[in-house]
Amino acid sequence: MSYTVNTKIQEAFAKDVQEGLSAKFKHIPSKYFYDKTGDSLFQAIMKMPEYYPTRCEYEVFKIQKKRLTAAFQIQNNEIDLIELGAGDGYKTKVLLLHLIETGINVNYIPVDISANVLDILEEGLRKEIPGLKVNGINADYFDALSDLNMISEKQKVILFLGSNVGNLSNDSAIEFFSKIASLCKKGDMLLTGFDFKKDPRVIQLAYDDPTGITRNFNLNLLTRMNRELGANFIVDQFSHYPVYDPISGTAKSFLVSLKKQGVNFQALDKSFHFGKWELVHTEISQKYDLEIISNLAEKSGFNLINNYFDCRFFFVDSLWSSFE
Ligand SMILES: C[S@@+](CC[C@H](N)C(=O)[O-])C[C@H]1O[C@@H](n2cnc3c(N)ncnc32)[C@H](O)[C@@H]1O
């Protein structure tokens, strides 16, 4: 299946840009990084030597897939796997393949805001795991969540991998997880990937690689606004500025205006002014420790069942259930 333009996402993009650029401290939500170019740049980021989270979580799945499958306590040999922000499913495929080889009847439901990446994912799955049932949903996962029990009536495991959670503040994460907990039935579980706090220099480099791929990923937001909202950003007049604060464990990325300038948006019938050195906040990537993770589970109404680590303890996939 090929996904067509989702007008709801397009409208939300225009509204969020208008609100974000009108604010005192300008900001644009990171979910808008992912157009066709953004998807391909993110795939390049996942392969960078500096971007350790993908390799760590891949290792978790490779090493822990049997234990994870046992912990899911799958009833009647069938399960719905709902993945929020699935991307190209590089790591999920390890788990999907294992479940299929074990004889489990899997219905895989990837949800992603990028129609393009869902096409890439489904094409890959057709080749690599033929016969797998896939029902992708092109939507913002905050919206899709309300329909969770319409999407899936069977026992389900919800996957939220790759430290997608890190894009949320802790308060928003608790709100998001609490909503999931309220929609879970007995036997349902949530598996979330969390990136641990570690050597700050290792984290800083993951968002500021010397080859400039993360730079291009951040700046691509300007090109997307030019194309989709009729803006006239001159991309060279902005720069990528990532910063990691090891005390709060928060990595943030900004676009910095290199001069005083105005940018017109035809689609919004509006211009925005950027001062010299004015920042536009584009991403937050929160880092965690085990105490924060168990607090998040508890405050959201989940019980932490088990944590699954890579061998360097850089990353953890934490399995939660809302029932004893
Ligand atoms: C950092 S990538 C991670 C992809 C995958 N989870 C992984 O671990 O490799 C984030 C993915 O989530 C999607 N995404 C981000 N925010 C989203 C949202 N609010 N709703 C739906 N998808 C979202 C993006 O399109 C992208 O494919």
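Which residues make a nonpolar surface patch of about 230 Å²? The legends below begin with that patch.

The model is predicted: local features need pLDDT of at least 70, side-chain atom pairs count only at pLDDT 80 or more, and totals for chains, interfaces and linings use all residues. Residues are numbered from 1 along each chain as its sequence is written, and side-chain values use heavy atoms, with hydrogens and water left out.

**View 1. A nonpolar surface patch formed by Y241, V243 and L279.** These residues make a patch of about 230 Å². Patches take residues with over 30% relative accessible area and no salt bridge; like charges are joined within 9 Å, nonpolar side chains (Val, Leu, Ile, Met, Phe, Trp, Tyr) within 5 Å. A salt bridge is a side-chain nitrogen of Lys or Arg within 4 Å of a carboxyl oxygen of Asp or Glu. Accessible areas come from the Shrake-Rupley method with a 1.4 Å probe; for residues, only the protein chains shown count as cover. L279 belongs to strand β11 (residues 279-286). Strands (E, at least two residues) and helices (H or I, at least four) are DSSP runs, numbered from the N terminus. L279 has 34% relative accessibility and so counts as partly exposed. Buried means under 20% relative accessible area, exposed over 50%, and partly exposed in between (1.4 Å probe, protein chains only).

**View 2. Helix α4 (residues 92-101), largely enclosed by the rest of the structure.** The helix is described this way because 7 of its 10 residues are buried. They are T92, K93, V94, L95, L96, H98 and L99. These buried residues pack against α3 (52-71), β1 (78-84), β2 (105-112), α5 (115-128) and β5 (156-160). Contact means heavy atoms within 4.5 Å. G103 follows α4 and has a positive phi, near 90 degrees.

View 3. E57 is buried, at 0% relative accessible area. Its side chain joins that of K91 through a polar contact of 2.7 Å. A polar contact is a pair of N or O atoms within 3.5 Å; within protein, one must be able to donate a hydrogen and the other to accept it, and residues adjacent in sequence count only if both atoms are side-chain atoms. Leaving aside neighbours within four places in sequence, E57 contacts K91, L161, G162, G193, F315 and D317.

**View 4. Aromatic pairs, with a count of 29.** The ring centres of F42 and Y51 are 6.0 Å apart and their planes stand at 80 degrees, so this pair is edge-to-face. Rings of Phe, Tyr and Trp (its six-membered ring) pair if their centres lie within 6.5 Å; planes under 30 degrees apart count as stacked, over 60 as edge-to-face and the rest as tilted. F42 is partly exposed at 22% relative accessibility, whereas Y51 is buried at 8%. The rings of F160 and F177 are also edge-to-face, with centres 6.4 Å apart and planes at 85 degrees. F160 lies in strand β5 and F177 in helix α8 (residues 170-183), so the pair ties together parts 17 residues apart in sequence. Both F160 and F177 are buried. One aromatic cluster contains Y141, F142, F160, F176, F177, F194, Y288, F302 and W320.

**View 5. Positive phi at D269 and at W277.** Most residues other than glycine have a negative phi. D269 has a positive phi of about 55 degrees. It sits in the loop between β9 (261-265) and β10 (270-274), and is exposed at 74% relative accessibility. W277 has a phi near 70 degrees. W277 lies in the loop between β10 and β11, and is exposed at 55% relative accessibility.
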